[in-house]
Amino acid sequence: MTDDRPSLDELRSALDEIIAQVDYIRAHGGGAFCAPDVKSQVLQSAACHLIIQFQAVLEDLPAGFPATNADLPFVAVRGMRNRLAHGYGDVDSVLLWNTLDEDLPIFIAELKRRLG
């Protein structure tokens, strides 16, 4: 059986694409993201998709990487992804914004650093 995981370069590229989209959403600001209007709904939908996409990238990391980097919030991302993908309730727009604005960029930067 072969391991069909993406190469490290492909993983880095996927992370770069995600962070570029995160930056685009962040450029609109938290007020626009959390406002009760259609623009915020579109931004929130895009953010939900990015979290789901990010989890898919995490699943493609080299075997053993999550275990040897257990200090990173892999479990938290999976939990958020599951809530967003399966609709376990309403999306908390403030929590989603804080994740996009604060946590995700830091996590992605650290992943890229550790991947080399």
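Helices here are DSSP runs of at least four residues, numbered from the N terminus. Keep that in mind as we walk through this predicted model.

Start with the overall layout. The protein chain has six helices and zero strands, so reading along the sequence gives you α-α-α-α-α-α. Its C-alpha atoms fill a box of roughly 50 × 30 × 25 Å along the principal axes. For 116 residues, a compact globule would have a radius of gyration near 13 Å, and the chain's 15 Å agrees with that. As for contacts with a separation of 6 or more, 74% of them are between residues 24 or more positions apart.

Now look inside. Of the 116 residues, 34% count as buried. In soluble globular proteins, nonpolar side chains tend to be buried together. Here, the largest nonpolar core has 30 residues, and F54 and L111 touch the most other members. Elements giving two or more residues to this core are α1 (8–26), α3, α5 and α6. Zoom in on L111: leaving out residues up to four places away in sequence, L111 touches L15, F54, L58, L61, F65, L72 and F74.

Finally, find the largest pocket, with about 200 Å³ of space. It's lined by 13 residues, and those closest to its centre are P73, V77, T99, D103 and F107. Sorted by class, the lining has 10 nonpolar residues, one polar and two charged.

How values were computed:
Residues numbered from 1 in each chain as written. Predicted model: local features only at pLDDT ≥ 70, side-chain atom pairs only at ≥ 80, totals over all residues. Heavy atoms only, no water. 1 Å grid on protein atoms, 1.4 Å probe; cavity = no way out; pocket = protein on both sides within 12 Å on 5 of 7 lines; lining within 4 Å. Points joined across faces, edges and corners; volume = space filled by probe spheres on them. Nonpolar A, V, L, I, M, F, W, Y, C, P; charged D, E, K, R; others polar. Core = buried A, V, L, I, M, F, W, Y, C linked by side-chain atoms within 4.5 Å. Buried < 20%, exposed > 50% of the residue type's maximum accessible area, 1.4 Å probe, protein only. Contact = heavy atoms within 4.5 Å. Rg over C-alpha atoms; globule rule 2.2 N^0.38 Å.
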